[in-house]
Amino acid sequence: MNKYDRLLFILNLLRSRRNLNASLIAEECGVAERTIYRDIIALSEANIPIYYDHGYKYASDNFLPPLNFSIEEYLTLSAALESSPLSETGVSKGVLKGVKTKIEAALSQDVRKGKLGKNISTKISIKDTSKSDSKEKFYPLIEDAVKRNIVLRLEYDSIESGVSIRLVEPYFMIFIERAFYFVAYCRKRKGLRTFRLDRIKGIELTEEAFVPRENIDPAGYFKDSWGVFGGDPEEIEVIFTGKAARVVKTARHHNNEKIEKLGKDKVRYTIRVSGVDEIMRWIIGFGGEAKVVQPTSLVTKIKHHAEEILEQYKS
């Protein structure tokens with residue numbers, strides 16, 4: 001956070017919260033206390049009315065017009081900001097904190113009073129299974145490379161092939177399937193690949209810029225994927241029975257799926273997906289209540305997994 005942004009952030013903090021001393025403000029800004037003292041002096045020298053009374057206070061309400069939020073709009077926006085996975089990243093974490101502080105500072109008196117006695121009826125929990133230190137270290141660098149079209153040098157630990165060095169052209173980052181990933185053109189593999197942030201061992205910006213390829217965006221890239229990873233398109237047909245059939249027909253799992261009722265507790269599930277490994281794990285989770293009809297390659301894979309499982313439990 002540069003000095004100008006920090007001064008605005010401090011002003012908004014003082015408007016929205018009471019009894020803030022230099023130590024608490026420093027913690028919010030991520031700087032030393034002595035920096036906050038210098039900032040308070042700078043604001044005072046700019047004729048900003050700040051005084052100290054059991055904490056620093058802003059002496060005027062004539063700073064910004066209040067936001068025209070209803071209490072329901074404020075609570076919904078607040079829940080959305082607090083539940084965002086971006087709040088766990090390096091750069092965006094600070095940005096979201098600043099946004100929340102500005103919103104709090106510009107609320108109307110009616111909303112300020114209303115939120116005190118209002119219970120939040122909806123809470124959102126988005127599980128993030130990626131390591132927090134990877135987001136702090138690597139997210140800002142990748143974000144910078146995406147914005148400026150700069151080639152990245154990765155030391156990446158792939159589940160399939162182990163640790164290797166890659167030169168990649170990054171296109172976008174996405175939070176999907178409980179973790180942060182970024183999609184890039186990998187020069188080693190000569191194609192688009194999906195990289196999980198917490199499998200990165202090392203990363204550095206090169207001095208090489210690249211010309212972006214056309215029509216690479218999250219909606220198009222993940223359109224036919226079951227989850228995170230892609231592959232060759234496959235037409236899949238599964239017969240679900242019993243409890244599995246009830247689960248499948250009462251929920252939506254993919255935009256491309258089609259569900260045909262065959263009886264009270266029996267459905268035919270068809271879908272076209274890119275790559276079968278992720279959907280295979282989903283199907284296996286239903287045990288004997290799911291039977292793959294096609295493709296035969298997937299039937300063979302599931303049989304092989306079933307044999308491996310049985311081998312593990314032989315006495």
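## Exercises on strands, helices and loops

Serine 274 lies in strand β10 (residues 266–274). Strands here are DSSP runs of E with at least two residues, helices are runs of H or I with at least four residues, and both are numbered from the N terminus. The model is predicted, so local features need pLDDT of at least 70 and side-chain atom pairs count only at pLDDT 80 or more, while totals for chains, interfaces and linings use all residues. Residues are numbered from 1 along each chain as its sequence is written, and side-chain values use heavy atoms, with hydrogens and water left out.

**Exercise 1.** Decide whether serine 274 is buried or exposed, and list its contacts outside the neighbours within four places in sequence.

*Solution.* Step one is the accessibility class: buried means under 20% relative accessible area, exposed means over 50%, and partly exposed lies in between (1.4 Å probe, protein chains only). Serine 274 has 13% relative accessibility and therefore counts as buried. Step two is the contact list, where contact means heavy atoms within 4.5 Å. With neighbours within four places in sequence set aside, serine 274 touches Asp224, Ser225, Phe229, Gly230, Gly231, Asp232 and Pro233.

**Exercise 2.** Give the strand order of the five-stranded sheet and explain why β6 and β7 each have a side without a neighbour.

*Solution.* Two strands pair if DSSP finds at least two bridges between them. The five strands follow the order β6-β5-β4-β3-β7 in an open sheet with antiparallel pairing. β6 (191–196) and β7 (200–209) are at the edges, and each has a single partner strand, so one side of each lacks a neighbour in the sheet. From one strand to the next, the twist averages 45°, an angle taken between N-to-C directions on a scale from 0 to 180 degrees, with axes as lines fitted to C-alpha atoms, for helices over the stretch in contact.

**Exercise 3.** Which residues cover the two faces of β5, and how many of its residues are buried?

*Solution.* In a regular strand the side chains alternate between the two faces of the sheet. On one side of β5 are Ala179, Tyr181, Val183 and Tyr185, on the other Phe180, Phe182, Ala184 and Cys186, and all are buried. The count is eight of eight residues buried, so β5 is largely enclosed by the rest of the structure. Alanine 184 has 0% relative accessibility, and cysteine 186 likewise has a relative accessible area of 0%. Apart from neighbours within four places in sequence, alanine 184 is in contact with Val168, Glu169, Pro170, Tyr171, Gly191, Leu192, Arg193 and Phe195.

**Exercise 4.** Describe the packing of α1 against α3.

*Solution.* Two packed helices are described by the angle between their axes and the distance between the axes. The axes of α1 (residues 3–16) and α3 (residues 33–45) come within 11 Å and cross at roughly 80°. That makes α1 roughly perpendicular to α3, in a scheme where under 35 degrees is roughly parallel, over 145 roughly antiparallel, 65 to 115 roughly perpendicular and the rest oblique. On α1 the contact involves Lys3, Arg6, Leu7, Ile10 and Leu11, and on α3 Thr35, Ile36, Asp39, Ile40, Ala42 and Leu43. These residues comprise seven nonpolar, one polar and three charged; Ala, Val, Leu, Ile, Met, Phe, Trp, Tyr, Cys and Pro count as nonpolar, Asp, Glu, Lys and Arg as charged, and the others, Gly among them, as polar.

**Exercise 5.** Where is proline 295, and what is the form of the peptide bond from glutamine 294 to proline 295?

*Solution.* Proline 295 is in the loop between β11 (290–294) and α11 (296–312). The peptide bond from glutamine 294 to proline 295 is cis, with omega near 0°.
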